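Hi,

Have a look at it first, then read on.

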Amino acid sequence: METVIVIGGGAAGMVAALTAAEIPGRRVVLLERQQRVGRKLLATGNGRCNLTNTGARPEHYHGENPDFAVPALAAFPPQAALEFFHGLGLVTTEEYGGRVYPLSNAAGSVVDVLRFALEARGVEVKTACPARELKRDKGGFLVVTDGEALRADKLIVACGGAAGAKLGGVADGYELLKQLGHKRTALYPALVQLTTAPEYPRALKGVRADCALRLLAGDAVLARSAGELQFTETGVSGPAAFDLSRAAAAGGRGLTLSADFFRDYDEETVLHLLRTRCESLPGLPAAEILTGMLHNRLGRMLVKYAGLNANTPLAALADGELRKLARACKDFTLALTGTEGFDSAQVTAGGVKTSGFNPETLESWFVPGLFACGEVLDIDGDCGGFNLQWAWASGRMAGRLGA
Ligand SMILES: Cc1cc2nc3c(=O)[nH]c(=O)nc-3n(C[C@H](O)[C@H](O)[C@H](O)COP(=O)(O)OP(=O)(O)OC[C@H]3O[C@@H](n4cnc5c(N)ncnc54)[C@H](O)[C@@H]3O)c2cc1C
């Protein structure tokens with residue numbers, strides 16, 4: 001009987017094992033180093049699991065060769081992933097921006113339907129069973145764990161990445177694949193909080209604002225994003241910040257962030273809004289000029305940032321001051337000091353080089369019978385369900401074992 005071993009009981013590995021087990025008469029063994037499968041999955045989407053994004057397209061993915069992801073994503077697009085999960089009994093709901101969550105709002109539901117399916121399809125799940133070493137063995141493989149050496153005809157490595165270290169993210173996958181001759185790229189924490197000069201973020205801790213965000217090296221724009229920004233003790237977080245974190249981690253020193261809090265208005269329109277406010281409420285202190293337009297605390301902070309006296313009545317503000325404030329609203333800059341590390345990152349940018357694998361099957365070009373899927377490969381997605389979509393799609397493809 002053909003034996004398939006899948007190493008890693010996370011998102012990609014569980015789907016790969018389920019797919020491999022669709023062929024009757026095959027023994028499928030899933031090895032997971034932690035005490036339970038899907039531990040990281042439980043923490044995704046703030047415990048809600050943003051399991052896919054209906055707008056997942058290749059431009060949402062990154063790596064040395066992002067096109068590598070195209071065949072897997074095309075073969076198992078978000079709609080197919082949803083049908084797969086609906087078939088397992090999960091009920092889902094779509095929210096803004098194409099983000100899909102379980103209707104239960106609990107990531108545990110996603111893990112549970114996968115667990116039940118693994119059991120129903122007869123996959124042998126071995127938890128607390130880390131793969132330590134891989135060897136080639138008579139046309140197959142030996143997987144050495146703490147207690148035994150398991151033989152496999154085909155092997156799928158789905159160990160995930162180094163991100164989310166507190167949830168069990170480890171570098172094992174890179175090391176195991178290295179033993180079989182595969183190389184990796186440099187690794188960076190991505191989808192992670194940006195650290196900045198702390199003065200303004202600290203004062204605004206907890207405030208969320210919609211904005212367009214740019215990452216700058218001098219005047220050159222390195223990357224752009226848009227969406228929710230959240231101020232924290234040490235910098236900025238939220239989807240808009242996350243989407244710049246890959247470029248920020250790789251971009252070197254001396255970078256700045258520029259936030260535009262009126263992304264749908266040009267500067268002249270913002271100035272007009274400010275002038276109108278001064279005319280309609282001349283006695284209001286300058287501190288309140290943006291009240292009703294932005295979060296109150298953010299508005300007051302921008303007044304300070306633009307150098308206006310918070311107590312000056314609006315009628316007494318000079319037009320030059322209003323211009324400065326309009327500029328501040330459109331170009332609030334923060335000196336970037338770095339990013340938080342792998343502990344808090346949602347995904348690893350970089351990974352095992354995709355040039356070593358066939359994008360149509362995810363089989364190694366130089367070790368027949370060896371497959372890899374998920375975050376261990378050098379593919380990472382934007383914030384919003386794109387990483388799990390890659391995990392499902394690549395797991396599905398690897399689980400077909402080249403068929
Ligand atoms: C806090 C957080 C929130 C996130 N939220 C989202 C979200 O809402 N939407 C989204 O799309 N993405 C999200 N992500 C990213 C997403 O979770 C990952 O990209 C995805 O889980 C990767 O799937 P994977 O199967 O490749 O790796 P993982 O899910 O990490 O699974 C890898 C598994 O392999 C196991 N393993 C490792 N080494 C060994 C070994 N030697 N032997 C046996 N087993 C081993 C690990 O314990 C783990 O269970 C989030 C990540 C984090 C950390």
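N296 sits in helix α10, which covers residues 296-305; helices here are DSSP runs of H or I with at least four residues, strands are runs of E with at least two, and both are numbered from the N terminus. N296 is partly exposed, with a relative accessible area of 35%. For the cut-offs, buried is under 20% relative accessible area, exposed is over 50%, and partly exposed is in between, using a 1.4 Å probe and protein chains only. From N296 to V100 the C-alpha distance is 31 Å, and the two are 196 residues apart in sequence.

Before the rest, some housekeeping. This is a predicted model, where local features need pLDDT of at least 70, side-chain atom pairs count only at pLDDT 80 or more, and totals for chains, interfaces and linings use all residues. Residues are numbered from 1 along each chain as its sequence is written, and side-chain values use heavy atoms, with hydrogens and water left out.

The overall picture

The protein chain has twelve helices and 21 strands. Along the principal axes, its C-alpha atoms fill a box of roughly 85 × 40 × 35 Å. Of the 403 residues in the chain, 54% are buried. The accessible surface comes to about 16800 Å², and carbon and sulfur atoms account for 50% of that (areas are from the Shrake-Rupley method with a 1.4 Å probe, and for residues only the protein chains shown count as cover).

Taking contacts between residues at least 6 apart in sequence, 74% join residues at least 24 apart; a contact means heavy atoms within 4.5 Å.

On charge, there are 42 positive and 43 negative side chains, and the centres of the two sets lie 4 Å apart. Lys and Arg count as positive and Asp and Glu as negative, while His and the chain ends are not counted. The place of a charge is NZ of Lys, CZ of Arg, CG of Asp or CD of Glu.

Salt bridges

Side chains of opposite charge can pair when their charged atoms come close. The whole structure holds 26 salt bridges, each being a side-chain nitrogen of Lys or Arg within 4 Å of a carboxyl oxygen of Asp or Glu.

One of them joins E22 and R396, with the closest N and O atoms 2.9 Å apart. E22 is in the loop between α1 (11-20) and β2, and R396 is in helix α12 (residues 386-399), so this pair ties together parts that are 374 residues apart in sequence. E22 is partly exposed at 35% relative accessibility, whereas R396 is buried at 11%.

Another joins E267 and R327, where the closest N and O atoms are 2.6 Å apart. That pair also links distant parts of the chain: E267 is in helix α9 (residues 267-280) and R327 is in helix α11 (residues 319-330), 60 residues apart. E267 is partly exposed at 26%, and R327 is partly exposed at 39%. R327 forms a salt bridge with D331 as well, with 3.3 Å between the closest N and O atoms. R214, E267, R327 and D331 are linked in a network of salt bridges.

Some buried spots

What about a charge without a partner? E32, in the loop between β2 (27-31) and α2 (39-43), is buried yet has no salt bridge, and the nearest side chain of opposite charge, R33, is 5.7 Å away. A polar atom of the E32 side chain does lie 2.7 Å from the backbone nitrogen of Q34. Leaving out residues up to four places away in sequence, E32 touches several residues, including G8, G9, G10, K126 and P130.

L30 is in strand β2 and is buried at 0% relative accessibility. Beyond four places in sequence, its contacts include V6, M14, L118 and V125.

N53 belongs to strand β3 (residues 52-53) and is buried, with a relative accessible area of 3%. A polar atom of the N53 side chain is 2.8 Å from the backbone nitrogen of G55.

Terms used
A polar contact is a pair of N or O atoms within 3.5 Å; within protein, one must be able to donate a hydrogen and the other to accept it, and residues adjacent in sequence count only if both atoms are side-chain atoms.
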